[in-house]
Amino acid sequence: MFNSCRRPLSALLLAIAVPTFAADKTKAKTVEDTPSAVEQSQPATENIDLAMYQRIREEGIEHSRIMQYASALTDDIGPRLTGSPNMAKANAWTRDQLTAMGCVNAHLEDWGDFGMGWQQLNTWVRMTSPDTAVFIAQATPWSPATNGPVSGDVVAVNIQSDKDFDQYKGKLAGKIVLLGEMREVPPVDQALFERYSDKELEEMASYQANDRAGRDMQARLRTYMQRYKLADQIADFLAEEKAAGVIRPSRDAKNGGGSGGTIFDDNGAALGRQPYLADHKVKVPVVVMAIESYGRVSRLLEAHVPVTIEMNVETKFTGDHEHGFDTVAEIPGTDPKLKDEVVMVGGHLDSWIAGTGATDNGAGSIVAMEVMRILKALDVHPRRTIRIALWSGEEEGLFGSRGYVKQHFGFASPLNTPDQAALPEFMRKTGPLDLKPEQKLISGYFNVDNGSGKVRGVYLQGNAAVAPIFAQWIAPLKDLGVTTLTMRNTGGTDHLSFDAVGIPGFQFIQDPLDYESRTHHSNQDVYERLQPGDLKQIATVEAIFVYNTAMREQMLPRKPLPHPELRDQQNAPLPNLFPGAVPPADEKK
Ligand SMILES: [Zn+2]
């Protein structure tokens with residue numbers, strides 16, 4: 001997913017300086033008379049409770065329950081595709097676990113009609129001639145079934161543009177289609193598992209204003225759309241030509257991690273755009289295959305050796321209009337002045353299908369649950385309410401967190417202009433923000449969604465005013481490896497839904513481990529890839545951040561409200577800038 005654009009530093013600092021209003025201390029604050037967080041002046045020195053730091057460390061590291069949650073979620077429930085029966089199980093299980101640990105008001109919030117429910121029951125692919133071989137492959141998300149094993153001669157198909165279709169017309173009925181070119185398979189000559197060096201963290205802390213962000217975005221969206229439009233056409237063409245099944249090569253990954261039997265099985269592998277919508281249903285069975293298996297077949301075909309493959313894809317659709325749900329629960333605030341204000345913690349609970357969604361994002365979900373368990377076990381009495389949210393629909397477009405933010409805090413409606421209408425809603429330019437009163441009551445939202453690597457710092461998402469605050473919060477955590485703050489944004493996940501409506505939303509800098517190189521959306525995304533020591537550290541650090549936010553006098557400082565509708569003007573070229581410019585004839589009129 002995408003990086004959000006950034007704002008000039010100076011405007012930020014200006015906003016923070018404005019003094020607070022004189023309020024009547026006795027009366028519980030209502031939304032109207034809560035001076036907005038931007039107006040609260042911020043103290044230079046944080047009043048942190050180091051004794052509580054010690055207690056949270058103790059509970060989070062010495063008495064952790066996080067790997068118990070990990071096994072129950074990944075081994076017992078398994079992969080949690082949005083809309084699927086496992087997703088429903090996970091929503092119910094997390095709600096009940098949060099109730100069991102003492103949280104209140106644990107419930108599921110409906111964010112709307114997602115699309116089709118689907119699950120993979122069984123998939124196998126084998127070569128039957130010129131040799132017998134068992135291949136590593138799985139169904140792609142929302143693939144239809146083969147309705148029993150199908151066998152056929154294999155035909156290599158490579159369609160890069162409209163003009164490539166005709167050559168295959170009338171040649172694919174009953175065939176197994178090898179879709180896409182064989183790619184390079186680089187040697188794994190670098191570690192798949194990595195941690196940030198101090199030098200890399202220093203480099204990350206330096207902040208380089210990126211002046212191309214806005215301009216790239218629309219161009220990248222157009223390429224994205226062209227690619228998906230062609231994928232839709234290919235899916236329809238292969239169905240019309242009555243291909244028996246389709247095999248796609250698994251993509252590569254960082255440091256050559258896309259080999260060794262690893263398959264990446266997400267919307268990138270699926271055929272067609274938004275294949276979870278009933279009116280976008282893919283009509284031909286599609287599997288993604290390990291590159292080594294794919295290579296053998298591809299080379300045989302290139303050598304004009306006929307190949308026969310038998311494949312069995314057993315999948316099940318469980319409904320066309322499954323709704324999506326977020327799990328929400330709370331530890332109520334106790335301070336009459338602040339209890340209506342909230343700090344949120346969370347991550348997405350949904351996952352892809354080839355593994356058990358352990359590092360993406362079982363890790364972020366069990367960390368958030370463990371944060372709540374640690375704070376309940378310590379019987380803390382937060383001044384502000386602490387609320388956990390476990391989202392679904394993240395992998396398909398942040399649907400769960402966007403839906404929640406829309407229902408509670410505000411929303412900027414996607415534009416329907418001709419140049420935007422072809423894009424999925426979550427990618428479009430938007431109109432002005434329409435905020436709700438609750439938007440003023442959320443101090444901040446903390447998200448974990450970069451695997452199970454330990455916290456090394458925080459992405460400040462362009463919020464310079466919060467830097468000196470977090471710097472004081474992390475100082476006592478240096479021994480745990482938490483050292484770095486960067487003004488940079490990080491994209492592609494649920495904190496963006498909060499950032500989009502002006503609520504401080506943060507992701508932590510995490511050690512990369514083998515997330516990008518092996519586990520992210522792959523069949524290797526299983527319990528064994530979770531690092532217990534790292535997960536205990538993440539939960540401990542996040543519990544401290546949540547506790548500090550719940551206890552401090554002021555809300556966390558905010559960036560000025562975004563004005564998505566002004567984005568073009570804000571980047572527009574300055575008019576009449578060049579004294580020597582001669583305007584073209586048609587502009588003269
Ligand atoms: Zn994720």
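1. A salt bridge is a side-chain nitrogen of Lys or Arg within 4 Å of a carboxyl oxygen of Asp or Glu. Keep that in mind, as Arg195, Arg456, Asp511 and Asp534 are linked in a network of such bridges, and the structure holds 25 salt bridges.

2. Some ground rules before going on. This is a predicted model, where local features need pLDDT of at least 70, side-chain atom pairs count only at pLDDT 80 or more, and totals for chains, interfaces and linings use all residues. Residues are numbered from 1 along each chain as its sequence is written, and side-chain values use heavy atoms, with hydrogens and water left out.

3. Aspartate 534 bridges to arginine 195, with the closest N and O atoms 2.8 Å apart. Aspartate 534 sits in helix α14 (residues 532–551) and arginine 195 in the loop between β5 (176–179) and α5 (198–205), so the pair ties together parts that are 339 residues apart in sequence. (Helices, H or I of at least four residues, and strands, E of at least two, are DSSP runs numbered from the N terminus.) Aspartate 534 is buried at 6% relative accessibility, while arginine 195 is partly exposed at 37%. Here buried means under 20% relative accessible area, exposed over 50%, and partly exposed in between, using a 1.4 Å probe and protein chains only.

4. Now try glutamate 553, which forms a salt bridge with lysine 337, closest N and O atoms 2.5 Å apart. Glutamate 553 is in the loop between α14 and α15 (567–570), and lysine 337 in the loop between β8 (308–331) and β9 (342–348), 216 residues apart. Glutamate 553 is partly exposed at 36%, and lysine 337 counts as partly exposed at 21%.

5. The loop between α14 and α15 also holds lysine 559, 60 residues from aspartate 499 in helix α12 (residues 495–499). Lysine 559 counts as buried at 18%, and so does aspartate 499 at 12%.

6. Last, have a look at alanine 412, in strand β11 (residues 410–414). Alanine 412 counts as buried, at 14% relative accessibility. Leaving aside neighbours within four places in sequence, alanine 412 is in contact (heavy atoms within 4.5 Å) with Thr430, Gly431, Pro432, Leu433 and Pro564. The C-alpha atoms of alanine 412 and lysine 429 are separated by 9.1 Å, and the two residues are 17 apart along the chain.
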